[in-house]
Amino acid sequence: DSISSSMRGDGRVWGKLIRKDPSDDNGPKEYIYMRLRNIYTGRSGRDPGERHDNRGPLLDYAYAGFDHKPWKVEAGRRYFNIGRGIAYSGVHDGLQVNYQKPGWNFAGFVSQLPPHTDNMDTSIPGYDKESRRYFAGAGIGYAGIKGHQLYGYALAERDKSREDPEDLFQDYGYDAQYFGIGSKGEWARSWPYWFEVVRETGHSREDPSNAKSNILAWAFDAEQKFVTAHKSRLTFSVEAAAGSGDNDRLDVNNTIGGNGAGR
């Protein structure tokens, strides 16, 4: 083979600066968190192409926050997700606000892809230059039922990616809304569970007609666990997932070769 071995090293260095009353662990606090990431790849063989490649150090995380109960605010580059992360999750730039009161949690955020992120739609001209997608979401959680936490959320995504060079015959926008409900908790001791149902709506573009097409999709995911009483906490789990699909779609992410005419 042209490549006989490949080694990938992923190194991260982080630090957190916290200001708070040292005598009150649950009191108000402000903090700054930063994490740098370096990725090194080394290859050997008869003709491995690039033998050495180093990316970094990159700014992986960088955000500031304050936690003054019942409010918590964080802003910067951090990990965002909503629900179980099925509809949305990733390290993005944005702002999140949480408000908590006994039995309830309210959250809202706005975010965008970091600069110079490759577009997941590799058919758009200039996909490797940048991707401009923006997100806004809000959720509510209720923990007033013993052993269970119920939640619901809504998420909007807007695709403002630009073609480079301009394609005069095809648009590539994918604008979607997601609505989810779910629950997590324990049916009984040693029987934790979770489930989530997601509905997606919005608009995308057809290929090759370039017509605007409605998005209508759903997904379901659930997991049931059994945690043994053994001191090892040996756990067994089963998970089931299902989602709708499009019979005439050839490519999952791309506009070209993706959504054809019809439903």
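The side chains of Asp-93 and Arg-77 meet in a salt bridge, with 2.7 Å from N to O. A salt bridge here is a side-chain nitrogen of Lys or Arg within 4 Å of a carboxyl oxygen of Asp or Glu. The pair joins distant parts of the chain, for Asp-93 sits in strand β5 and Arg-77 in strand β4, 16 residues apart.

Before going on, a word on what you are looking at. This is a predicted model, in which local features need pLDDT of at least 70 and side-chain atom pairs count only at pLDDT 80 or more, while totals for chains, interfaces and linings use all residues. Residues are numbered from 1 along each chain as its sequence is written, and side-chain values use heavy atoms, with hydrogens and water left out.

Now step back to the whole chain. It has zero helices and twelve strands; helices (H or I, at least four residues) and strands (E, at least two) are DSSP runs, numbered from the N terminus. Read from the N terminus on, the elements run β-β-β-β-β-β-β-β-β-β-β-β. The C-alpha trace spans about 60 × 45 × 40 Å along its principal axes. Of the 263 residues, 32% count as buried. The chain exposes about 16600 Å², and carbon and sulfur atoms supply 55% of that area; accessible areas come from the Shrake-Rupley method with a 1.4 Å probe, and for residues only the protein chains shown count as cover. Among contacts (heavy atoms within 4.5 Å) with a separation of 6 or more, 49% are between residues 24 or more positions apart.

Let us return to the charged side chains. Side chains of opposite charge can pair when their charged atoms come close. How many salt bridges does the rule give? The count comes to 14. One of them pairs Asp-60 with Arg-35, whose closest N and O atoms are 2.7 Å apart. Asp-60 belongs to strand β3 (residues 52–68) and Arg-35 to strand β2 (residues 29–44), so this pair links distant parts of the chain, 25 residues apart. Both Asp-60 and Arg-35 are buried. They are also members of a network of salt bridges that links Asp-10, Arg-12, Arg-35, Arg-37 and Asp-60. Another salt bridge joins Glu-74 and Arg-78, with closest N and O atoms 2.8 Å apart. Glu-74 counts as buried because its relative accessibility is 9%, and Arg-78 counts as buried because its value is 11%.

Next, look for the open spaces. A pocket is found on a 1 Å grid over the protein atoms alone: it is an open set of points where a 1.4 Å probe fits, with protein on both sides within 12 Å along at least five of seven lines, and lining residues have an atom within 4 Å of a point. Grid points are joined across faces, edges and corners, and a volume is the space filled by probe spheres set on the points.

The largest pocket holds about 1200 Å³ of space. It is lined by 42 residues, and Tyr-174, Glu-200, Ile-215, Arg-249 and Val-252 lie nearest its centre. Which strand gives the most to this lining? It is β11, with seven residues. By class, the lining has 17 nonpolar, 15 polar and ten charged residues. Here Ala, Val, Leu, Ile, Met, Phe, Trp, Tyr, Cys and Pro count as nonpolar, Asp, Glu, Lys and Arg as charged, and the others, Gly among them, as polar.

The second largest pocket holds about 850 Å³ of space. Of its 38 lining residues, Gly-83, Gln-96, Asn-98, Asn-105 and Ala-107 are the closest to its centre. Strand β4 gives the most to this lining, with nine residues.

Finally, visit some loops. Most residues other than glycine have a negative phi, and most peptide bonds are trans. A cis peptide bond, with omega about 15°, joins Lys-69 and Pro-70, and Pro-70 is in the loop between β3 and β4. Another cis bond, with omega about 10°, joins Asp-207 and Pro-208; Pro-208 is in the loop between β10 and β11. His-116 is not a glycine, yet has a positive phi of about 65°. This residue is found in the loop between β6 and β7, and His-116 is exposed because its relative accessible area is 67%.

Methods. Buried < 20%, exposed > 50% of the residue type's maximum accessible area, 1.4 Å probe, protein only.
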